[in-house]
Amino acid sequence: MAENFTADPKDAQDNKVMGILAYLGILVLVPIFAAKESPFARFHANQGLVMLIASIAYSVVVWIVTFILAMISPNLAIIGTILSLGSLAFLVLMIIGIINAAKGEMKELPVIGKYRILK
C-alpha cells in the first residue's frame with residue numbers, strides 16, 4: 001500500500017515546479033541537483049528517478065523479447081508489440097506523480113513508490 005508523507009506547506013509551495021519536473025524523464029536531474037535541500041523536491045525526484053529507471057528497464061526487456069520472437073518467426077513479433085503497450089502504465093504513473101506534486105502532496109506511486117534511491 002502506498003504511504004503518504006507530510007510535506008512542509010512552504011517547502012511544497014516553493015518546490016512544486018521541481019516536484020513536477022521530477023516526473024518528466026531526464027528532467028529528473030533538475031530537482032536532484034537544483035533542490036538538494038528540499039525534502040519535497042527530493043521525495044518527488046526519488047519517485048521520478050525510480051520510475052525512469054523502471055521504464056528504461058522495461059523498454060529494454062520488451063525490445064529484447066521482441067527481437068528474439070521476431071528471429072523465431074516474424075509473426076511472433078506482434079507479441080512484443082502487445083508487450084510494449086505496458087509502457088502506458090508508466091504514463092499513468094507519471095500523471096499520478098505530477099498531480100501529487102502539483103497538489104503539494106508526498107504520496108508514493110503505486111507499485112514502485114516504496115523503492116528509495118535518493119536519501
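**Helix packing and aromatic pairs**

Mentor: In this predicted model, Y58, V62, V65, T66, L69 and A70 of helix α4 meet A77, I79, G80, T81, L83 and S84 of helix α5. The residues of this contact divide into eight nonpolar, four polar and no charged.

Trainee: Why is α4 called roughly antiparallel to α5?

Mentor: Helix α4 (residues 39-72) and helix α5 (residues 77-84) pack at an angle of about 165°, their axes being 7 Å apart. Angles over 145 degrees count as roughly antiparallel, so α4 is given that description relative to α5. The crossing of α4 with α5 is right-handed.

Trainee: How many aromatic pairs does a search of the whole structure find?

Mentor: The search finds two. One of them is formed by Y58 and F90.

Trainee: What makes the pair of Y58 and F90 tilted?

Mentor: The centres of the two rings are 5.8 Å apart, and there are 55° between the planes. Planes under 30 degrees apart would be stacked and those over 60 edge-to-face, the rest being tilted; the angle of 55° therefore makes this pair tilted.

Trainee: Why is this pair said to tie together parts apart in sequence?

Mentor: Because Y58 lies in helix α4 and F90 in helix α6 (residues 88-102), the pair links parts that are 32 residues apart in sequence.

Trainee: How do you know whether F90 is buried or exposed?

Mentor: Buried means under 20% relative accessible area. F90 has 16%, so F90 counts as buried. Y58, at 27%, is partly exposed.

Trainee: Why is the pair of W63 and F67 called stacked?

Mentor: Their ring centres lie 5.6 Å apart and their planes are at 10°. Since planes under 30 degrees apart count as stacked, the term applies to this pair. Both residues belong to helix α4, where being four residues apart separates W63 and F67 by about one helical turn.

Trainee: What makes W63 exposed and F67 partly exposed?

Mentor: W63 has a relative accessible area of 58%, and exposed means over 50%. F67 has 43%, which falls between the limits of 20% and 50% and is therefore partly exposed.

Trainee: On what grounds is N100 counted as buried or exposed?

Mentor: N100, found in helix α6, has 7% relative accessibility and so counts as buried. Leaving aside neighbours within four places in sequence, N100 is in contact with H44, E105 and K107.

Notes: Residues are numbered from 1 along each chain as its sequence is written. This is a predicted model: local features need pLDDT of at least 70, side-chain atom pairs count only at pLDDT 80 or more; totals for chains, interfaces and linings use all residues. Side-chain values use heavy atoms; hydrogens and water are left out. Axes are lines fitted to C-alpha atoms, for helices over the stretch in contact, and angles run from 0 to 180 degrees between N-to-C directions. Helices (H or I, at least four residues) and strands (E, at least two) are DSSP runs, numbered from the N terminus. Angles under 35 degrees count as roughly parallel, over 145 as roughly antiparallel, 65 to 115 as roughly perpendicular and the rest as oblique. A crossing is left-handed if the near helix is turned anticlockwise from the far one by less than a right angle, and right-handed if clockwise. Contact means heavy atoms within 4.5 Å. Ala, Val, Leu, Ile, Met, Phe, Trp, Tyr, Cys and Pro count as nonpolar, Asp, Glu, Lys and Arg as charged, and the others, Gly among them, as polar. Rings of Phe, Tyr and Trp (its six-membered ring) pair if their centres lie within 6.5 Å; planes under 30 degrees apart count as stacked, over 60 as edge-to-face and the rest as tilted. Buried means under 20% relative accessible area, exposed over 50%, partly exposed in between (1.4 Å probe, protein chains only).
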